[in-house]
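Work through the exercises below with the sequence and the 3D structure open. Try each task before reading its solution.

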Amino acid sequence: MSVFSSAVKALMAGGFICEVSNPESFDYLSVPEQRVQIDNFLQRIDYCVRDVDEEVFYLAYINPEQDRSGVRSQFYLTRDALIPLVRFMDLVRKAMNSDESLRPKDTLRLGALLERIEDSRPLQSALEELRRTPFINSQTGDAKLQLSMVFKRLVEHGYLVQHDQFVFTATYKWAYLYSVIDFILSQEAIPVEEEEITTQGGLI
Amino acid sequence: MNPLQTAGERVLKALGKHSALLMEMYLNKGVLETHENEKQLAKLASLNVVWNPPETDIFRLRKSFRDAIELAIRPERNRQLDANLGSAYEELLTLISHYHSRKKHCDYEGEESALEEINELVYSITESLQVSVNTLWQKINAEFGFARTVQEKLQENELAMKRVTSILDGLDVFDYKELAVRCGASGGLRGLLLQRMYKSTSSAHADLLVAQGRLTELMGRFRERQLQTRKINALLKYVDDNPSFEFMDYTEVSNIPRLLNVAQSSAIEPHVDVHNDFDLPFLSNLVAEMVASHGRTAKEVISRESGTIEEPITKKVTYKESLEEKLIDGFFCYALDNAGTNISAVVYHKSSEMEVELEYWLNGVICKYQALEGPDAQYFNLELSTIPNIHFSANTFITDVKLCVS
């Protein structure tokens with residue numbers, strides 16, 4: 001199968017193509033002439049290629065208003081996943097004791113994360129809450145089982161790529177999610193805290 | 001002898017004599033006073049090298065000595081360029097004038113020694129410049145990976161920026177026109193200063209300008225990351241503070257926002273061409289596998305081709321089916337209650353003492369499983385226990401089915 005063909009099929013299947021999820025198709029789409037070729041092909045069936053900062057490509061409608069039901073069902077998927085995904089980011093950040101949220105290309109080690117969660121009652125509660133969400137919807141069980149199920153769901157929905165049993169990489173679908181978060185915050189007029197002033201140069 | 005020199009030597013000798021103890025204190029942030037080290041510690045305390053926090057047995061290094069050790073044993077810090085490039089330049093000019101005056105007075109030995117000193121100074125300037133630039137690039141390339149948090153990365157970035165600015169300011173002091181005049185006709189000096197040193201400083205200058213741009217870019221990225229974390233916190237806080245909050249349906253508006261224009265998966269579902277004899281054996285195997293592992297998919301495949309079931313048959317067995325259905329539903333509920341374990345349909349059949357024949361029962365369970373749709377289908381897994389048919393190798397008999405909730 002040619003890269004053109006596999007890239008088109010991956011887009012048609014609703015995939016978010018990036019250097020982590022599908023490097024071959026991503027490289028192909030990153031060449032402007034090749035992207036135009038794919039776009040021209042898709043336009044004949046009312047689709048086009050969209051991107052977030054040229055880091056991730058996905059399929060969109062040429063006339064979204066005419067394909068409103070398709071847009072709506074995709075939006076519902078993102079909407080229902082949004083809060084659980086944000087809770088997951090928060091869980092990872094707190095577990096890894098970092099002030100930085102999960103980003104594309106970050107490596108997640110299930111073992112290390114599990115160790116931190118098992119050592120902390122609040123993190124266990126956060127995981128429990130996450131597991132109950134319809135997006136994750138996993139059965140009860142120990143933290144390991146719950147976390148494995150969370151990772152499994154994130155792989156299924158294209159947010160993580162699994163390398164081996166315990167090592168995962170975040171895809172650029174998170175970059176799209178960050179754009180959606182920005183959109184929601186501005187639409188709902190949710191206030192974001194101002195930057196903390198932490199510079200202590202004067203004390204040194 | 002100068003009393004200051006004597007006092008200094010006494011301190012330095014003591015440091016050398018007790019170096020092992022001092023390093024132990026440096027590494028462990030202090031040592032406990034024991035009979036063995038009591039005298040040594042008293043001596044070091046009298047020299048103000050160590051101190052004893054009140055009401056403790058612990059002796060710690062004084063901050064200035066700890067800093068001195070740290071400075072000496074960290075090569076990166078130790079080799080950093082003295083920011084005062086200006087003084088190095090002044091020193092260079094002085095040495096050049098020594099060189100010329102010694103040459104003028106035919107002091108060949110002195111002239112040679114001045115040239116040697118200039119050589120050493122040029123080497124020191126170029127080497128430390130190179131080390132500084134390399135260290136800086138290592139930090140930039142690793143995106144300050146050694147810092148634990150974004151805040152620390154930002155602080156390290158700011159420090160690196162200040163350092164770049166100070167080195168660039170220092171390099172600006174180097175006036176090569178003036179140096180060219182000062183070198184005069186001396187080939188040795190010109191080669192050293194106008195070629196070697198010029199090449200090195202101009203390449204460092206160019207490198208530092210690139211590094212400056214990269215640091216600004218990194219700074220922006222780190223701030224963006226901090227902002228993303230704050231946005232996530234804001235969203236979570238808002239959702240937690242407003243439990244009844246629901247997102248608006250932004251797809252209802254007349255102009256759908258560009259960001260939300262994501263197409264639904266349009267993967268074309270495969271259909272089997274059962275009329276193609278050539279592919280029949282392959283397709284039969286494929287369907288057999290699908291029946292075994294993906295009940296729902298198999299059902300879809302079969303349903304497209306099996307629209308010929310006659311109505312009267314279903315009517316005749318209506319009562320029996322509904323009874324069976326209840327029993328089967330009971331079995332699926334039992335499996336749900338015992339999630340994680342394989343529930344044998346045969347064992348359940350025996351224990352329930354139901355009137356339904358075992359063969360119908362197994363068939364019913366399999367059909368029910370294959371009829372599951374949507375999320376229900378994802379919960380259940382059905383495992384078939386089979387024995388091969390001795391007459392027809394491609395066929396098998398189902399002896400039991402095990403249901404499991406994953």
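Two residues are in contact if their C-beta atoms, placed from the backbone, lie within 7 Å. This is a predicted model, in which local features need pLDDT of at least 70 and side-chain atom pairs count only at pLDDT 80 or more, while totals for chains, interfaces and linings use all residues. Residues are numbered from 1 along each chain as its sequence is written, and chains are lettered from A and ligands numbered from 1 in the order in which they are written.

**Exercise 1. Describe the make-up of chain A.**

Step 1. Helices (H or I, at least four residues) and strands (E, at least two) are DSSP runs, numbered from the N terminus. Chain A has eight helices and six strands.

Step 2. Along the sequence, their order is α-β-α-α-β-β-α-β-α-α-α-β-β-α.

Step 3. Take the contacts in chain A with a separation of 6 or more: 51% of them join residues 24 or more positions apart.

Step 4. A residue is buried if 20 or more other C-beta atoms lie within 10 Å of its own, with C-beta atoms placed from the backbone. In chain A, 34% of the 204 residues are buried.

**Exercise 2. Describe the side of chain B that touches chain A.**

Step 1. The contact involves 45 residues from chain A and 31 residues from chain B.

Step 2. On the chain B side, helix 8 (150-172) and helix 10 (187-241) are the elements that give two or more residues. Helix 10 of chain B supplies the largest share, 12 residues.

**Exercise 3. Judge the confidence in chain B.**

Step 1. pLDDT is the predictor's confidence in each residue, from 0 to 100. Chain B has a mean pLDDT of 81, and 84% of its residues reach 70 or more.

Step 2. Among the elements of chain B, helix 10 has the highest mean pLDDT (91), and helix 5 (residues 75-78) the lowest (42).

Step 3. The pLDDT is under 50 over residues 301-319 of chain B.

Technical notes:
A residue is buried if 20 or more other C-beta atoms lie within 10 Å of its own, exposed if 12 or fewer, and partly exposed in between; C-beta atoms are placed from the backbone.
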